[in-house]
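I opened my notebook beside the viewer today and jotted things down as I went. Here is the entry, for anyone who wants to follow along.

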Amino acid sequence: MKLQLIKIRDKAVDTFWFLPAVMALVAAGAALAGTAIDYAIGSAWLRDMGWVWSGGTEGARSVLSVIAGSVMTVVSIVFSLTVTTLAQTSSHFGPRVLRNFTSDRGVQFTLGTFIATFVYCLLVLRTVRSLEEKSFVPYLSVNIGILLALASMAVLIYFIHHISQNIQAENLIANVGEQFQKSLPVLFPERIGRPHSDNTRPEQLPDDSQWQAADMVLSAANGYLQAVDDEQLMQLATQHDLMLQLTKRPGDFVTTTTTLLRVLPRAHINPDIELELRDCFSLGAHRTPHQDAQYMLQQMVEIAVHALSPGINEPFTALTCIDWIGASLSGVARRELPMPLRQDEHGRLRVIACTLDFEELADIAFGQIRLYGANNPDVMLHLLETIGEIAPDVYRDQDRILLMRHAQLVGEDASQITNQTDRRRVADRLHQTLLALAQNHTQEE
């Protein structure tokens, strides 16, 4: 059920069409309700409100027709601007960031407002009659239509401002970085069941030969693993007295021959249980940021690499990406990373998770930027500065050693810089960064 809700959210709520469709349905209901009220109250209420529209049937048709026609013209312009923006964003920042635009509530709300206004005016227009014996003008509904037209113009101004802000590199990168920060509790959950600790009696872990003989649950289709229902896995493992070893995590590409998890003991599993276990894995044609920590980090790396390419050559955009990457890694460094061994409420080992560590994220964060920016002294200096700024947040020795290694790699690649003075600046910054990492280690001891 949890994965189904996530899929509904990804396929409906975060798509272009969902919010506009909902708003169009609401507008249709409002049109029907408004005309029904007009039938009930008539036009007597107009006598005390001279500032509202109070024309005849031809005037009502003209007003509603002009609004509907104008709104559809603006809709075509908005769609054109949106498609143009998506094309430019894809070529300039990379295709991964398109999801941020297609799921943007501001763009969806703008399209929904214009479509809703058009639907409303069209449905009200059909009720206007000019026969002498049965003439009917829905005055209340027409005035609401005029208000919707004014609101649509206000939304158009908002859309132009919103889209111009979103295509700026700083705002785009900050949006991705802030999403990563907000997603840390989900990307690095503190628990799945009960984490294995020294206070409980550890169980004898199966050796490699036992896992090789375990029952294997294969993927049902080809695609990217988008999410894992960890709570349901723990519940099934406890219910059927199983031990599960996950071999894949969200973000990995799987095929029908890929093993998702191994199950012990084999005697406790049957086709029905295997099907239930397989349903705990959600697959799709693309990666999603819900449980994939690498996905959003790779978005920022991709923007930086595009900015450093000769065709774009915007090193300041890359420097902004490095700032937000550093903030993201600092957030991860401060968190207690989830342990792979997970116990049920009775202390029995049930799940061996496939966890993500700080090393993998650091390799993604610094590796490609370091290679593509090796000739740019500003980029290399900023990488070293960022590594030094992460140092106070690192409390695991292996993470500190890893950052030292990346700093040294930056220093080695900086040898490609042509200017000797710039190479010396990078060497000095490398020394300061290594010293900062060492000093923080000494202070913790």
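My notes below go from the sheet to the aromatic rings and then to the nonpolar cores.

**Before I start.** I reminded myself that this is a predicted model.

I then followed β3, residues 223-228, and counted four bridges in its antiparallel pairing with β7. For a landmark on screen I picked V228, which stands opposite F281 in β7.

**Aromatic pairs.** How many aromatic pairs does the structure hold? I got three. I looked at W17 and F18 to begin with: their ring centres are 5.9 Å apart and their planes meet at 75°, and since an angle over 60 degrees counts as edge-to-face, that is what I wrote down. I also checked how open these two are to solvent. W17 has 51% relative accessibility, so I noted W17 as exposed, while F18, at 29%, is partly exposed.

Next I turned to Y39 and F136, a stacked pair with 4.1 Å from centre to centre and 5° between the planes. Which parts of the chain does this pair tie together? Y39 lies in helix α2 (residues 18-41) and F136 in the loop between α5 (105-125) and α6 (139-166), so the pair links parts that are 97 residues apart in sequence. Is F136 buried or exposed? F136 is buried, at 10% relative accessibility; Y39 is partly exposed, with a relative accessible area of 46%.

**A charge over a ring.** I made a separate note of R396, which lies over the face of Y395 at 4.8 Å from the ring centre.

**The cores.** The largest has 57 residues, and the members touching the most others are L329, F358, F366 and I369. Several helices give two or more residues to this core, including α3 (57-93), α7 (169-187), α12 (315-334) and α16 (420-444). The largest share comes from α11, with eleven residues.

I clicked on F358 to list its neighbours. Leaving aside residues up to four places away in sequence, F358 touches L329, V332, A333, L337, D399, L402 and L403. Apart from this core lies another, of 28 residues, and I marked V74, A116, Y120 and Y139 among them.

Technical notes. Residues numbered from 1 in each chain as written. Predicted model: local features only at pLDDT ≥ 70, side-chain atom pairs only at ≥ 80, totals over all residues. Heavy atoms only, no water. Pairing = 2+ DSSP bridges. Phe/Tyr/Trp six-rings, centres within 6.5 Å; stacked < 30°, edge-to-face > 60°. Buried < 20%, exposed > 50% of the residue type's maximum accessible area, 1.4 Å probe, protein only. Lys NZ or Arg CZ within 6 Å of the ring centre and 35° of its normal. Core = buried A, V, L, I, M, F, W, Y, C linked by side-chain atoms within 4.5 Å. Contact = heavy atoms within 4.5 Å.
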